[in-house]
Each structure stands twice: as C-alpha cells, then as structure tokens.
2 protein chains.
Amino acid sequence: MRPEVLRELSRVTDSRILLCVLDGLGGLARPETGRSELEEADTPNLDILARRSALGLTHPVGPGITPGSGPGHLALFGFDPEEYNIGRGVLEATGIDFDLGPHDVAARGNFCTVDADGRITDRRAGRIATELSAPIVARLNEIRVDGVEIIVRPVKDHRFVLILRGEGLSDRVRDTDPQAVGVGPLPAQPYVPDDEASVRTATVVNRFAAEAAKLLAGEPQANMMTLRGFAAYPNLPSMQDLYKLDPAAFAVYPMYRGLAKLVGMRAYASGHAFADSVAALGEHWDSGHTFFFLHFKPTDAAGEDGDFERKVQAIEEFDSHLEGILDLKPDVLVVTGDHSTPALMAAHSWHPVPFLLHSDNVRVDDRAEGFSETRCGAGSLGTFLAKDTLTLAMAHAGKLTKYGA
Amino acid sequence: MRPEVLRELSRVTDSRILLCVLDGLGGLARPETGRSELEEADTPNLDILARRSALGLTHPVGPGITPGSGPGHLALFGFDPEEYNIGRGVLEATGIDFDLGPHDVAARGNFCTVDADGRITDRRAGRIATELSAPIVARLNEIRVDGVEIIVRPVKDHRFVLILRGEGLSDRVRDTDPQAVGVGPLPAQPYVPDDEASVRTATVVNRFAAEAAKLLAGEPQANMMTLRGFAAYPNLPSMQDLYKLDPAAFAVYPMYRGLAKLVGMRAYASGHAFADSVAALGEHWDSGHTFFFLHFKPTDAAGEDGDFERKVQAIEEFDSHLEGILDLKPDVLVVTGDHSTPALMAAHSWHPVPFLLHSDNVRVDDRAEGFSETRCGAGSLGTFLAKDTLTLAMAHAGKLTKYGA
C-alpha cells in the first residue's frame, strides 16, 4: 500500500504493538541433522505461541536480496527499503549515539598502517585497541578545514566516524578506502565531476586527509586512515507521521537504537543484556507508547561467527524471556527477524525469515507444530515482503480503517 | 528490485547457474484422475531433486496473465516483462537467426489462399511445404519500394518474415492479417493517423502487398500473403550489463535462441533433439560462461496439441536427462517453465508454474514428496513473480552482494 494511503487509513488507538526482532533469526539446516538453528533449539514457549498465531516467511527486501541491518529494520518499521536506504556513515554515527543533524555528512573511518611509500600494509592498523585509538581520534577531532565543522568520534578498535557539518555538502563522494593492501588510500572524488557540493565535499575530505596524515605520521600502527560510506542525514518520514504511532525502542546496541531514532522512535536506555532490555520495556510499557520495538542481538552475533550451537542457545535464551514478554499482554505481538544469518554461512543471507503474529483476532495456524523456517513456510501468511509487517500488525491492532467505500 | 540497484549488487564469480526451461510446464489435473501432467508423469529424478531443493510457483507476468513465449522467457532472464516486450515480428526474425539491426521493423508473414474475389479461403495456404514456399519467398525478396530496403526470409511451411530496413520507420502499424477466412487481407494502417513514421511505414507495406499480390497471382496455393505483429528492434539491456553474467543458450528452436541473443546470450548450435542440446551444453560447460539457459520444447508442443499423454511422456523424457544434467554439477540449478500449457486447454494459460531451485546453500523443502503443481504450491518459496528467478539464482550462486549497510 502506498504511504500516502496508509497515512489516511491509520488512526490513533490505545492498542499496543510489540515487535520482537531476533536479529539474523533465519537459518539453514545442518546437513547431518536436517535441522536449522531454530529447529534444533528447544523453544517450548515459542512453540505454544506459534499454534495460537499466524505464521509466514518474509523477504526483508526482495527475493534473493541479502540485506544489511539498515534495510532489514527499515522494512519492519514500515519503510520500503528499496526507496529508503541509510548509508554506512550514518549507521556508524547512530551506532555511537551521535545525533546527526540535517546538514551532516558522515563516513566510516578506519585507521590503517602504511609503509614508507604510503602503501597500506594493514587495513585495520593491527586492530588497535580503543584505549589506544581514542586519543588519536581526539587529535583528529582538532583538525579544522575552513567553513566546515569537523567532528571525529571513536567507535571501537580501529574504527571511527567522521562527520562533516555545514551547508552545501554532499554524500556523493567516493571512498578513500581502496579495500586492498599494497596501494595507498585513494583521494576522495565526487561521483559526478561537475556537481558543486560533491566537489566541495571531496576537497574538504582531501584536506582533512592531508592534515590527518601529518598528525598520524609518528604513530607505530595507526599512521594513516581511510574513509568509506559517505552518507548524508536521511530525511526519513517518522512513524508518527506515516502511521500515527507513538513508537519506542529497546535495544542494547546503539546502532539499532539509532536506526529507530531515525524513524521517530524514542530510544530508551536498554542495559547491556537482553534481560535489561526486557526490564526496560516493562518499565515503559504503560507510558503511552503504542508501538514497541524490542531488539535481540545474540542470534545474529552467533550466526555471523558461524557458531551453530551458540545461535541455538541464543534462540533458547529469547524463548526463556517470552513468558515475561507475553505477561505484558501486547494487543499484537510479532516475533521475526530482520534477515537470516545462517550459522552455516557465517553471514547475512537472502533466505526468507520466520514470522509470527499473535493477537486476539488473528487467523491462527493451529496445525503448526512449532516455530521454524519449515513451519512458517507452510503458514497462512505465505511468503511476503517484510515492509508489509507493520500494516499487518496495525490491522490486527485495530489501527487501520477501511480503504474505500 | 530496481535494475540499477541489481547492477550495483551483482558481481562476477566463477559459479555457474543452469536454468532449465520446460516450455509450458504447468498443467491442469484431469477430472477423472485429479492428477496433472506433472503428477501423472513418472519422474524419479525430479522427485529426488525436489526433496533437496526449494520449491515454489511463479507467475510468469502476473496473476491471471497468460504470457506468450517472449514475456515468459524474458522474465526468467531477469527482465520485467511488463516493462520489456518483444513484438511477434522480432521473435520470428530472431527465430530464423536473422540479426536485426536498430533501424529494422519486422513482421510475421503468412502465405494464404484467396479466391477469385480476393477473399481468404485458407489462412495458411494448405500449410505449403518449405521447399515450395522458399522459392516464392525469394521472389518476394526482389520487391523494391523506394528508400526502404526490403528483406523477405522463409521461416517454415507457410510462414515467412518481412523486414523493412530504413530510417524513420515505425512498428505502430496494424496487421494486414484479418485472422479469419471469407474476407480479404486488410490494408496496413497506422495506429495513430497523423504519426509520420507510421503513415510512411503503412504506405511502404501496402506497396509491398500490392507487388506481392501481382507476383503470387499465379500460385495454386500461396497466391496471397498476410502480415502481422509489426515490431521494431527492441533495445534490451544485456544480461552482461545488468547482471555481469556471461550467458549461453542451448535451444533446438531458433526462436528461443533468438530471444536469448536479444538479452546478450551466446546461442550455441543445439541440434534437433533435446539430447543434442544437453550434449552441446556439456561441451560448452567449461568454456567460461556463468549462466546457461537450456530449453526443452516438447512439453509445450504436446500441451498446445491438447495431448495429455504426450505431455506426460515429454516430462518423463526430460526427467531421463536430469542425471546427465546434474553430473555437470551446476552451482545453482533451476527447473521451471516459461508458462503453463495445460493439455486440457490446448493453449498457454495463466496458471502459476512449478519452480525448483537446487544449490548447496538452498533451504530445502525436504518434506516435499516430489515435483508438481500442488507440492510447489506448498513450497517455501511461495508464489512469486518469475522476474525474481534470476535474482534468486544469483543469490544462491554467491553473485549478489549485500544491499545496504
């Protein structure tokens, strides 16, 4: 459905939607057992819930498309990930709780090691520890290029964020990171040679790089830096504006809180473990919000590490919290993932993602024997695009009026 | 996914995708047995493969749309058949290995028999044999209409192709074939009366028709001709350009080779029977191509003839070649059709088409009991648009990078 129509159809009600995102939930069966992580996991609570829910599978972006974290979540928040994309630089900035402004262009920075000829010998400067890199970042933060405010913030280890703040900047600038060793960092170049803002931004970046080279020259490891993923502040409509929701986010990792903030969610302090996030959710459950996003990271982390057993345990950990989550009595509960991260692949993948929607008025797949890729694939919701998740949830929450007379 | 995004995501790898198209594969159950052609067929190899594959159904163009061969194949090659269409004339020209140029307009020609009053008595001139029609075609090829090069080439039996070559021509010209007996061929007319190129083209066609009438007057059967499906050269992007694939086609029938060539495939000599095509595929398997299109015609031919049993046998014939095909060890194997041709309807139809994708990293529908419309309808891939086939195949072949950060 087109956003402008959804905006017309949506209405404010007190009902509450809870979206639980198990990051990288979808998996692949181990050949030895024929069972995926979710099928291997002992999930008594999810299995009971599945029999009282509608099941399906989602394509986060589209068939065959492997999404990054940005598109995977934007889709679940009701935004077409083909239309809206969030650049790497913005994700990195949101990931350290840096509040980007409308005139900001952000880029991901990497410290690297170069030899006497300026050729990169280590793209990550020996994965220099944050304690060592943070003071260097502080020195980069002192660099001034006239007319443009320059902000440099540490992320973790060899990673930092560069933010250029000023009027007339553009993110249509190519990476300086050559993504290879044996060559020097590339000069920043505008995508389009005669675009004034891109040319200006590239010039600023190159001056910054030249100053950084001088400042870093004496460092044993981090004696140079590269930049990639230049991205301007994305002007996303808010969930308030599009869907008349009052949304709140609970996530341990700053990047997911940042993503949520970009679409208008209030992001709450969510502690260091999932139990903390669940507790924070409980505390703010009655504070007037009508949409709650609860993020669970360990499934993806284990999947990315290729650790099948740990992903199984992560799913079981989530399952153990489900009773507490259900005690909140959300009018609509969705349990799904932002994409698949099969442990067998140790990476994000394109495989459709298990999806479960529970509410009083849902048409239940009561013959489902539990919650898994296979069972969801046979679910009554079929295989659909993740961007339809919010509309489905709102419908079941009584938040969408009739379309047409 | 938008083509420009797919172009960004696609990357060159050595992995090989094999797309087997069983033309007109989809069928309908006979009321007496409740079994479709595919369900009636004894297909041990497909059944085993199905259990190690992901299954689904495809809409070649969209729900309820019956496709011709052009859209059905274009979709499988990764082109939106709503956006790109190939006219009949172009299909016929490609079908005889005629290489159209950018200033060509082609039309399908039929010899017909007319009575003394010029009314058509046989739309196909008694299906006059090629040996008899080819010399007549050669005479038509001598016709000159000033300023426009006229090329006439035999196809088979009563069929030929007319190509008009010159600047300022248009394919917006109506058929001269009335698709009926008892009436005379129609004059060519421009779609839009005041479009200069269309008017000029119609005038050229009518002069050609007048000359042809004189030349053919003495023929016992083929004493007139009709034209239909005027079509200009389609400027399709290539699979190389859009998807960075190096594609090859193996098809007995020239039309399918022609279709493949229009999207950049190298079309190889593929013999007269499917076994020849499989052999040719094997010979060229290691020649550097990364995408292989293997076409199987007998399913459609039997379906079009309304011959249920022969379609069953055709499916069994394909099945008998499957082991040899699997021996090539494609990284991704897709078995599907370009549309349904139920023998019960003796025509192309809109019914969704069985789809099977096999690869090492596929999420298998291991509870599938075989390969059929019903089983594919319960498959984990759901019912999707055929234009997503290539994206799915490329994902499983590791040829698509992540979308978004």
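Me: Hi! Which residues in α9(B) are buried?
Reply: In α9(B), the buried ones are B:P254, B:M255, B:Y256, B:R257, B:G258, B:L259, B:A260 and B:L262. Buried requires 20 or more other C-beta atoms within 10 Å of a residue's own, exposed is 12 or fewer, and partly exposed is in between, with C-beta atoms placed from the backbone. This is a predicted model, where local features need pLDDT of at least 70, side-chain atom pairs count only at pLDDT 80 or more, and totals for chains, interfaces and linings use all residues. Residues are numbered from 1 along each chain as its sequence is written, while chains are lettered from A and ligands numbered from 1 in the order in which they are written.

Me: What covers those buried residues of α9(B)?
Reply: The cover includes α4 (69-76), α5 (88-95), β8 (247-250), β9 (266-268) and β10 (291-296) of chain B. Helices here are DSSP runs of H or I with at least four residues, strands are runs of E with at least two, and both are numbered from the N terminus.

Me: Over to chain A. At what angle do the axes of α5 and α9 of chain A cross?
Reply: Helix α5 (residues 88-95) and helix α9 (residues 254-262) of chain A cross at roughly 110 degrees, and their axes come within 7 Å. That makes α5(A) roughly perpendicular to α9(A). The axes are lines fitted to C-alpha atoms, for helices over the stretch in contact, with angles from 0 to 180 degrees between N-to-C directions. Under 35 degrees counts as roughly parallel, over 145 as roughly antiparallel, 65 to 115 as roughly perpendicular and the rest as oblique.

Me: Which residues meet there, between α5(A) and α9(A)?
Reply: From α5(A), A:L91, A:T94 and A:G95 meet A:P254, A:M255, A:G258, A:L259, A:K261 and A:L262 in α9(A). Contact needs C-beta atoms, placed from the backbone, within 7 Å. By class, this contact has five nonpolar, three polar and one charged residues. Ala, Val, Leu, Ile, Met, Phe, Trp, Tyr, Cys and Pro count as nonpolar, Asp, Glu, Lys and Arg as charged, and the others, Gly among them, as polar.

Me: How many residues of α5(A) are buried?
Reply: Eight of its eight residues are buried. They pack against α4 (69-76), β3 (104-114), β5 (149-156), β6 (159-165), β7 (224-232) and α9 of chain A. After α5(A) comes A:D97, with a positive phi near 65 degrees.

Me: Back in chain B, where do α3(B) and α12(B) meet?
Reply: B:P44, B:N45, B:L46 and B:L49 in α3(B) meet B:D319, B:L322 and B:E323 in α12(B). The axes of α3 (residues 44-51) and α12 (residues 308-327) of chain B come within 7 Å and cross at roughly 55 degrees. That makes α3(B) oblique to α12(B).

Me: Nice. How many residues does the contact take from chain B and chain A?
Reply: It takes 21 residues from chain B and 31 residues from chain A. On the chain B side, helix α14 (residues 389-396) gives the most, with four residues. That side divides into 11 nonpolar, five polar and five charged residues.

Me: What ipTM does the predictor give the complex?
Reply: The ipTM is 0.89, and the pTM is 0.90.

Definitions and conventions: Two residues are in contact if their C-beta atoms, placed from the backbone, lie within 7 Å.
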